[in-house]
Amino acid sequence: MKHLLKLLDCTPEEIKEILDLADQLKADRKRGIEKPLLSGKTLGMIFQKSSTRTRVSFETGMYQLGGHALFLSSRDLQIGRGEPVEDTARVLSRYLDGIMIRTFAQKEVEDLAAIGSIPVINGLTDFCHPCQVLADLMTLREHMGNLNGKKAVFIGDGNNMANSLIVGCLKMGMRFSAACPVGYQPDPIVLDFAKGYGAAFQLTSDPMEAAKGADVVFTDVWASMGQEDERALREKVFAGIYQVNAEMMSVTNPGCMVQHCLPAHRGEEITADVFEAHANEIFDEAENRLHAQKAVLVKLLA
């Protein structure tokens, strides 16, 4: 494993190794055991999309591992003024030990990895969000134990989160149901992948049908970054239907978890009462971004 570009590239064994290492690093941190596994290493963090959790967790993670992180916005780099990604990749490869990039196009991440000579980590693209889903899987294992055969559900826009959750959950032996409006379904590449899992995967436009018997329900905002001009239209499509609420939770399994990658728009994709009832799980999920990403950093940079 040289890069983390998308979970489609990872074997189930590689995902499990990352999660096992994340569990160990988290336990060590809680016990006050220092692990400077990346002493002297430097991570460049390219941000073309704003972030709270991605920036803070990667920067903190590098510090805790004994390394250093550089925040690089598009304003800080010549790539923001038209320098080809090929040239940026070759230059940064001579300065850094790894790159984390949070951007729009998946191709930009893939090109950076193909042309550069150091590990590249996808911190989010419009296609996928592998780091978030590794944290999600880590959280599910903490709360549920063995994930095999458990049912995960995603309610909402078939966006980067839906894409990565489908791949990650199916590879970890879970069943998965996605409820998305027609025209807002997951990427065809992901749906083609999911076909290989037969009856373990379901795609529907009926959220209540999808939620039946769920062990965990995932949701995300209706309009992601870069889709602000679609917000009014999306509200008309999603409102009143694609919302995680008490009625929906009533058809899930007892003890069903709720996960949200944040930020959450209470009253839109999730009601305030459901969010607060599951806040501990949701903020465990947010915390685990730190530990899961530390595991990725160790795997790629150590």
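Trainee: What sits over the ring of Phe 71?

Mentor: That's the charged end of Arg 55, 3.8 Å from the ring centre. Keep in mind that this is a predicted model.

Trainee: Okay. And which ring does the charged end of Arg 266 sit over?

Mentor: The ring of Phe 275, with 4.0 Å to its centre.

Trainee: Switching to ring-on-ring pairs, how many aromatic pairs does the structure hold?

Mentor: There are 7 aromatic pairs. Take Phe 176 and Phe 201: their centres are 6.5 Å apart and their planes are at 20 degrees, so that pair is stacked.

Trainee: Where in the chain are those two?

Mentor: Phe 176 is in strand β6 (residues 175-179) and Phe 201 is in strand β7 (residues 201-204). They're 25 residues apart, so the pair links distant parts of the chain.

Trainee: Is Phe 176 buried or exposed?

Mentor: Buried, at a relative accessible area of 1%. Phe 201 has 15% relative accessibility, and it counts as buried because the cut-off is under 20%.

Trainee: What about Phe 193 and Tyr 197, why is that pair called tilted?

Mentor: Their planes are at 50 degrees, which falls between the stacked limit of 30 and the edge-to-face limit of 60, so the pair is tilted. The ring centres are 5.2 Å apart. Tyr 197 itself is partly exposed, with a relative accessible area of 31%.

Trainee: Which residues do ring pairs link into a cluster?

Mentor: Tyr 184, Trp 222, Phe 238 and Tyr 242.

Trainee: Now the sheet. What order do the strands have?

Mentor: β2-β1-β3-β4, in an open sheet of 4 strands with parallel pairing. The edge strands are β2 (68-73) and β4 (120-124), each pairing on one side only. From one strand to the next, the twist averages 20 degrees.

Trainee: And over how many bridges do β1 and β3 pair?

Mentor: Over 5 bridges, in the parallel sense, between residues 42-47 of β1 and residues 98-102 of β3. If you want one to look at, Gly 44 has Ile 99 in β3 as its bridge partner.

Trainee: Which strands does helix α2 lie across?

Mentor: Helix α2 (residues 53-64) lies across β1, β2, β3 and β4, and it runs at about 175 degrees to β1.

Trainee: Then what about helix α4, which strands does that one lie across?

Mentor: Helix α4 (residues 106-115) lies across β1, β3 and β4. Its direction is at about 165 degrees to β4.

Terms used
Residues numbered from 1 in each chain as written. Predicted model: local features only at pLDDT ≥ 70, side-chain atom pairs only at ≥ 80, totals over all residues. Heavy atoms only, no water. Pairing = 2+ DSSP bridges. Axes fitted to C-alpha atoms, helices over the stretch in contact; angles between N-to-C directions. Contact = heavy atoms within 4.5 Å. Phe/Tyr/Trp six-rings, centres within 6.5 Å; stacked < 30°, edge-to-face > 60°. Buried < 20%, exposed > 50% of the residue type's maximum accessible area, 1.4 Å probe, protein only. Lys NZ or Arg CZ within 6 Å of the ring centre and 35° of its normal.
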